[in-house]
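Work through the exercises below with the sequence and coordinates at hand, and compare each step with the solution that follows it.

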Amino acid sequence: MYDKILFCSDLFVSTDQAFLNALQMANDSDAQLLVFHVLESGHRYSGHVETYDAEVVSDAEVFDKIAGNLKKYYSKLISSNFKDKIEIKATGGVPIPVPSTPDIRYEVRGGNAVIEILRFARKEDIDLIVMGSYTLGVDDESDEEPKVEQNGDPKVEPSLGSNAKQILLSAKCPVLIVTPPGQRLNIELDD
Amino acid sequence: MPDEKQLKARIKKVNIKKIKNVLETLDGARIKTWLNICAKCGLCAESCFFYLANDKNPEFSPAYKIKSTVGEMYKKKGDVSLPFLEASMEALWARCTMCKRCSQFCPFGIDIAAMITIGRSVCQSHGFVPEFLAKAVENYRVSGNQMALTKDDFIETCEWMEEETADEIKGLTIPMDVPEVKFMYTLNAREPMYYPQDIAQIAQILTVAEESWTMPSEGWECTNLPMFAGDRTLAGIIVENMYQKARDLKVDKILVTECGHAYRSTKYEGPYLSGYPDGIPPIEIIHSVELFCEYLESGRIKIDPSKKLKEPVTYQDPCNVSRNGGLWDIGRIVMGYLADDFREMSPNKDYNHCCGGGGGYIPMGPEYRVKRMVSGKIKAEQIRKTGAKLVIVPCHNCFDQINDLNEEYDLGIKSVSIKEVLCEIMMIPDKFKPDEE
Ligand code: SF4
Ligand code: SF4
């Protein structure tokens, strides 16, 4: 069904569920999974990425290192979640081995998340974008900080909510938003 | 703190000959005259927003900034110390945006900004340049543009924007490297990198105006931060890249995006930097504001009367478009077409204050942010007093600064480019309307 699936990693553990779904879909479709992370720059006057704490991460070496870390992190996540399921899969009654090393590529870019995700999706001819959902619930206008942990650190970029909305509304391909169990909202209907 | 690479770039010992050389070759005679005739009358002080925003601290007055830096360099005939050069960086970069407002008030017309330029070149010759600015300059060196974008990245971005916009304007294209057209469009590398929609917007306007134009695949970068970093050689190369591409394509004119310092570089300083002794660019240079004005006046672009801006609007005069580019009245004509409730800042036009982000200040990065916000107080107050909700800003640099000021001073405004407004409110002739599904 899909050839290339793009998973947008924002380095928040809460998107792990979205990653697992993306991986499952990639396996089901025999698609390549691209794990993509954008280092947001708070400074738009050079190609150098300047994170909000003013740390400068500018060169390909740094991007490669982050891609390597992403690979380590998600490989661990895969092995702890797909131990049994990933090796054998039944299709039409015939057992087919699913690659234990799925086709995953890790890419890191610097810039504005929305622009870079859309640019990358176009360049790679992506046919499905998968993202974590809490980003949708974060209201930029609200002062309330969402309680999401960033690798154990409760710091949060409040702009992420609008990023997810923008991608959902601007992408040329379908976008899948996944909410992890712990973050699902209670159903509240207006009268 | 400067990083290791930058520290290495700093020369360990002062090279007096080198400094003398910079001081002599860069208009030495005129500068010496200025330094001699400055009567220390202080008339320039109140004109400078740095002085006004920093409690009228005399160290922020134009004459002091010059006397304590370039003046000393000349007086000591280049025999200055490394700590002196380091200290000069502060006055030369963090206390002046080279906006040239002070020269309008000096009875002798002393060009403070020209002297600041020389001071910056001396510091640069010894590796003393604010770190972030130096990094951006490095990008130009390796790629010819501020963002280190590759040619492929740039072309792909244009193709992407062409696809995105084709749904809105029928037949829209972003023609690449088409020779013998009227305009070669040049832009700020921020556009392909952070604001690709700006490329889509200009394509919409030029399409609706049925303009003869091309996007160049190279030489498209019209900004010139090396010019503000004291690196005159590289600054010259950057401008020449653009002139050369325009010559190769045999275009009539170079059209510059809504960017102030790009206009200053391309039209006024660039020719000198790249070796045209008469100071005249080899190809005519037009700023977007001029072209938009021409379109509106001639009716090639018409505004939908029902969409004309109703909320209070003010106009930011970028120093390098208005005071130093002479386009302040053109900006007002454009405002007349776009807004029902236009409100002037005070002072305005060629006397408007700098936003505080010019002269390379914004690219100096977070290290200087607090200072940039302090000196931006004057602009913030000017904007607040107009009561405007929308600030129209034909400059990338002012755009960032005003956005930052908006947050810092809680101005409750939105800043937009002219392009963005035009795309929202211009009439789309039937032939460009997408076919009904
Ligand atoms: S050029 Fe502008 S910023 Fe610099 S001293 Fe003069 S008024 Fe002040
Ligand atoms: S106004 Fe002119 S003469 Fe007077 S202090 Fe300023 S630079 Fe010197």
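This is a predicted model: local features need pLDDT of at least 70, side-chain atom pairs count only at pLDDT 80 or more; totals for chains, interfaces and linings use all residues.

Residues are numbered from 1 along each chain as its sequence is written, chains are lettered from A in the order in which they are written, and side-chain values use heavy atoms, with hydrogens and water left out.

**Exercise 1.** Determine how many disulfides a search of the whole structure finds.

*Solution.* Taking a disulfide as a pair of cysteine sulfur atoms within 2.5 Å, the search over all chains returns 0. For A:Cys173, the nearest cysteine sulfur belongs to A:Cys8 and lies 9.2 Å away. With buried meaning under 20% relative accessible area, exposed over 50% and partly exposed in between (1.4 Å probe, protein chains only), A:Cys173 is buried at 15%, whereas B:Cys38 is partly exposed at 24%.

**Exercise 2.** Describe how helix α13 of chain B and helix α14 of chain B pack.

*Solution.* Helices here are DSSP runs (H or I, at least four residues), numbered from the N terminus. Axes are lines fitted to C-alpha atoms over the stretch in contact, and angles run from 0 to 180 degrees between N-to-C directions. Helix α13 (residues 232-249) and helix α14 (residues 260-273), both of chain B, pack at about 120°, with axes 8 Å apart.

**Exercise 3.** State the domain bounds of chain B.

*Solution.* An automatic or database domain assignment gives domain 1 (4-129), domain 2 (150-295) and domain 3 (302-425). The centres of domain 1 and domain 3 of chain B, taken over C-alpha atoms, are 28 Å apart.

Key:
Helices (H or I, at least four residues) and strands (E, at least two) are DSSP runs, numbered from the N terminus.
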